[in-house]
Amino acid sequence: MVFKKCLIKKFIVIIKLKQIKNMIIPIIGIFFCCVGLWLIHFLNFHYWDFNYPFILTSSYIILYISIFSLLFYKKEFSSIFGLRIKGVNKKIVKKSILTGLFIGFLSNIITNLLFHNTMSPLEIGNTFVIVILVTLIAPLVEELMFRGFIQGLLQYKIFQNSFYVPIILSTVLFAISHYVFVYKMGVLQFITTLFFIAIAGFACGLFRAKYNSIVPSIFTHVFFNIGGSIAGIAIMLTVSTHSDINKIYYLNDTTSYNFDLNDDEAWIDSYEKYCNLGRLTVPEAKANKVNGFVPVRFVIDTCGRTTMIRIDSNAVGYKYLGYGCEEEAIRFIKDLPLNKPLIINGVKSEKEMVLNIYF
């Protein structure tokens, strides 16, 4: 009897060790896939001289998962990646499209109502290129990686008996991969933005798991991005602070102001001209004949955006003005046009600044 029990225990241990061994390869695969992507994001954001290396990122992901799959899962390639089309009908596609549009539109509306900092395609470069990247390349590549490669390995090789765990883990990794776009935001904005990215990722994961295909998840992702872009452009065109800025300034326009951090004279000249057009008055402050200035300290990051904005309360000569002046000063700095980043020894660098906003 004792011998039988020992034999059973030994058998269980062998099974568990075999399970762990079978899990090691997919875990390593997922780890290096994510690390590689995050490293590309980091290098781009801090050192490379272009906004987002879609070609490099896409090439890395496709090459990596192709080699990995051919080495270890050649026969199971189609099922792991969810490349199944059979069973995905018009009803499922319609449902995925509407889900993506709803989440994308709602998330961007809520985020901008709370934080007032829409980034529209008109602000960040060639509209046609951005549209192609946002609505085609990014969803295809990211779905292949997160809902195909990562969720597929989690679902079929690591957590075979769980429906939600692979979805949740792939969603978390998907949200983390977007840190490069949001990590310099305020805490509340950071949490809110990543929350909506995670919601979108979870919806894509549900479609992938339910229908065993990444096709509906691709549609959800594509229309999440489209819905967010539509909301951003709608806010930009209807809210005065955004529409005024877009009428005034385009980074690639030869007639635009030269917000170049490498040329102090040009930057100051552009800023002074912009002040005459970009700043809204505060009616209550004007009615109460408030005069003075608000010193605003901020950082222009390596993408040329204003971040870490706060009132420099210790500045010499500053007295609290009230009547909404401080809030308007922060709003004004937050909505400054994109700058041409500071370059030091060939590397994009941050620059801390303090500007006095006069009322």
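Start with helix α6, residues 164-176, which gives the most to a nonpolar surface patch, with four residues. Keep in mind that this is a predicted model.

Now select Phe163, Tyr164, Ile168, Val172, Ile176 and Phe202. Together they make the patch, about 510 Å² of nonpolar surface.

Zoom in on isoleucine 176, which belongs to helix α6.

Next, select arginine 147 and phenylalanine 174. The charged end of the arginine sits over the phenylalanine ring, 4.4 Å from the ring centre.

Turn to the aromatic pairs. The structure has 14 of them. Pick tyrosine 64 and phenylalanine 149. Their ring centres are 6.1 Å apart and their planes stand at 80°, so this pair is edge-to-face. It links distant parts of the chain, 85 residues apart. Tyrosine 64 lies in helix α2 (residues 54-72), while phenylalanine 149 lies in helix α5 (residues 127-158). Both residues are buried.

Move on to phenylalanine 68 and tyrosine 73. Here the ring centres are 6.1 Å apart and the planes meet at 45°, so the pair is tilted. Phenylalanine 68 is buried, because its relative accessible area of 8% is under 20%. Tyrosine 73 is buried too, with a value of 9%.

Finally, select Tyr60, Tyr64, Phe68, Phe72, Tyr73, Phe77, Phe81 and Phe149. Ring pairs join these residues into a cluster.

Key: Residues are numbered from 1 along each chain as its sequence is written. This is a predicted model: local features need pLDDT of at least 70, side-chain atom pairs count only at pLDDT 80 or more; totals for chains, interfaces and linings use all residues. Side-chain values use heavy atoms; hydrogens and water are left out. Rings of Phe, Tyr and Trp (its six-membered ring) pair if their centres lie within 6.5 Å; planes under 30 degrees apart count as stacked, over 60 as edge-to-face and the rest as tilted. Helices (H or I, at least four residues) and strands (E, at least two) are DSSP runs, numbered from the N terminus. Buried means under 20% relative accessible area, exposed over 50%, partly exposed in between (1.4 Å probe, protein chains only). A charge sits over a ring if NZ of Lys or CZ of Arg is within 6 Å of the ring centre and within 35 degrees of the ring normal. Patches are made of residues with over 30% relative accessible area and no salt bridge: like charges are joined within 9 Å, nonpolar side chains (Val, Leu, Ile, Met, Phe, Trp, Tyr) within 5 Å. Accessible areas come from the Shrake-Rupley method with a 1.4 Å probe; for residues, only the protein chains shown count as cover. A salt bridge is a side-chain nitrogen of Lys or Arg within 4 Å of a carboxyl oxygen of Asp or Glu.
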